[in-house]
Amino acid sequence: MGRKEMLFNFDTCPDRSGTESTKWTKYAGRDIIPAWVADMDFASPPEVISALQRRLAHPVLGYATARRSTLDTVLGYLEQRHGWKVKPDWVVFTPALVPCLHGAIRAVGAPGDHVITTVPIYPPFLSAPVLSGSKVATVSMKMDGGRWTFDFDTLEDTAKQSRAKVFLLCNPHNPLGRVFTRTELERLADFAARHELIVCSDEIHCDLVLDPATQHVSFASLSPDVANRSISLFATSKTYNTAGLLCGYAVIPDEGLRARFRRALAGVANEVNIFGLTALEAAYRHGEPWRQECLAYLRDNLDLVMAEVSAMPGIRIAQRPEATYLAWLDVRALGVTQPLETFEAGGVGLGNGVDFGMPGFVRLNFGCPRERLREILFRIRAVAEKKSSKS
Ligand SMILES: Cc1ncc(COP(=O)(O)O)c(C=O)c1O
């Protein structure tokens, strides 16, 4: 195929059944292939695994504080990859990013305030406000010229009608796979500034850009003013498949906001995992060859998904995802009332659109070996054909 020889093997991967895997445990003992929660079935980069083994060779596993080398690695990464020069003080290491959504909401708003976000969206964007005592105000993303984008008119109305202090942004977007352009983000920043909203920008998928024509722009890198009204969230856990190590970090330039964020997490989610820190540093320092091959593999997987789904009756993908290993399938034309259960009965476990605030859709995780993906798509097609022959 003209592609240079691969150094890493994504076609075969370890059997995860019988491990603690959340993804695989859900359907243990049933003939249902899991393609739901966002982790990939690939082994993490060998450099990450050997760094973890080296850390374990030191048999004392007490409380962890990020080493200076880890912090420097993060600063170097943000500057080189995203053109954002960050001061060491701005970085807050955390056990994963979902707690940071809660922290951001509690740091900015008061109970009873609104939190604005878009739908569909990664489910904790909808639950974190409610669990934090806030109300959630959702605005649907809209299709415009063949791409999903923000509905600024409705966002304006929503901001005017609600008592909101925070906007939760997902960039790249899960589940739509959009990599927002600088122009879109500048417009969003302008909207946020006029309504005095702090933007919490979750950029966990930013190193999983599949479309070579697009480039991730970190929201806070737009300008120092924008940065001062933002909380940015990063982790290596999606890209290098280490979500079980529970580690991420927030970047918060404004001192007062950072102090409030720390206070919101104090005693609840302020300790970090030793192995998470080790994996993060190794991934940023040594993971690039693996990441590039993983992206190439995911691109080919996505080609397969797009080709197969376009031939399925009653299912469509409105826009090819530009990033992530997730595809957002519109199954409304199948006319089934419970898509999740329908596909489970056909042997595939997908993400449920209802949880993302958008019934009638399902999310497919294509971060798996190609042969498994073929089987998943074969099963989805069988369900689609059966259902559409009835309608
Ligand atoms: C946008 C987004 N944020 C956060 C997470 C989860 O992050 P963590 O495991 O660090 O809590 C996910 C997982 O899929 C995600 O898609």
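This is a predicted model: local features need pLDDT of at least 70, side-chain atom pairs count only at pLDDT 80 or more; totals for chains, interfaces and linings use all residues.
## Overall size and make-up

The chain has 391 residues, and its radius of gyration is 21 Å. Along the principal axes, the C-alpha trace spans about 60 × 55 × 40 Å.

The secondary structure consists of 13 helices and 14 strands. Of the 391 residues, 47% are buried. Among contacts with a separation of 6 or more, 75% are between residues 24 or more positions apart in the chain.

## Two domains

The domain assignment divides the chain into domain 1, made of 22–45 + 288–390, and domain 2, which covers 51–286. Domain 1 is therefore given as two stretches of sequence, because its bounds are listed as 22–45 + 288–390. The C-alpha centres of domain 1 and domain 2 are 25 Å apart. Where they touch, domain 1 contributes 27 residues and domain 2 contributes 31 residues.

On the domain 1 side of this contact, α11 (288–310), β11 and β14 each provide at least two residues. The element that gives the most is α11, with 5 residues. By type, the residues on this side are 16 nonpolar, 5 polar and 6 charged.

## A sheet of three strands

β11 and β14 also belong to an open sheet of 3 strands, in the order β11-β14-β13. The pairing in this sheet is antiparallel. Its edge strands are β11 (326–330) and β13 (351–352), each of which pairs on one side only.

Strand β14 covers residues 361–365 and is joined to β13 by 2 bridges, in the antiparallel sense.

## Strand β2 and its partner

Strand β2 (residues 91–94) pairs with strand β10 (residues 248–251). These two strands run antiparallel and are joined by 4 bridges. The bridge partner of F93 is Y249 in β10.

In a regular strand, side chains alternate between the two faces of the sheet. In β2, V91 and F93 point one way, while V92 and T94 point the other way. Are these four residues of β2 buried or exposed? V91, V92, F93 and T94 are all buried.

## T324, a buried loop residue

T324 is in the loop between α11 and β11. Why does T324 count as buried? T324 has 28 C-beta neighbours inside 10 Å, and a residue is buried if 20 or more other C-beta atoms lie within that distance.

Beyond its neighbours within four places in sequence, T324 is in contact with P172, N174, G177, H205 and L208. G347 is 23 residues from T324 along the chain, and the C-alpha atoms of T324 and G347 are separated by 23 Å.

## Around the ligand

How many residues surround the ligand? There are 13 of them, and the closest are A38, A96, L97, V98 and N174. N174 is also one of the residues in contact with T324.

The shell around the ligand is made up of 9 nonpolar residues, 3 polar residues and 1 charged residue.

How values were computed. Residues are numbered from 1 along each chain as its sequence is written. A residue is near a molecule or strand if its C-beta atom, placed from the backbone, lies within 6 Å of it. Ala, Val, Leu, Ile, Met, Phe, Trp, Tyr, Cys and Pro count as nonpolar, Asp, Glu, Lys and Arg as charged, and the others, Gly among them, as polar. Two strands pair if DSSP finds at least two bridges between them. Two residues are in contact if their C-beta atoms, placed from the backbone, lie within 7 Å. The radius of gyration is taken over C-alpha atoms; the globule rule is 2.2 Å times the number of residues to the power 0.38. A residue is buried if 20 or more other C-beta atoms lie within 10 Å of its own, exposed if 12 or fewer, and partly exposed in between; C-beta atoms are placed from the backbone.
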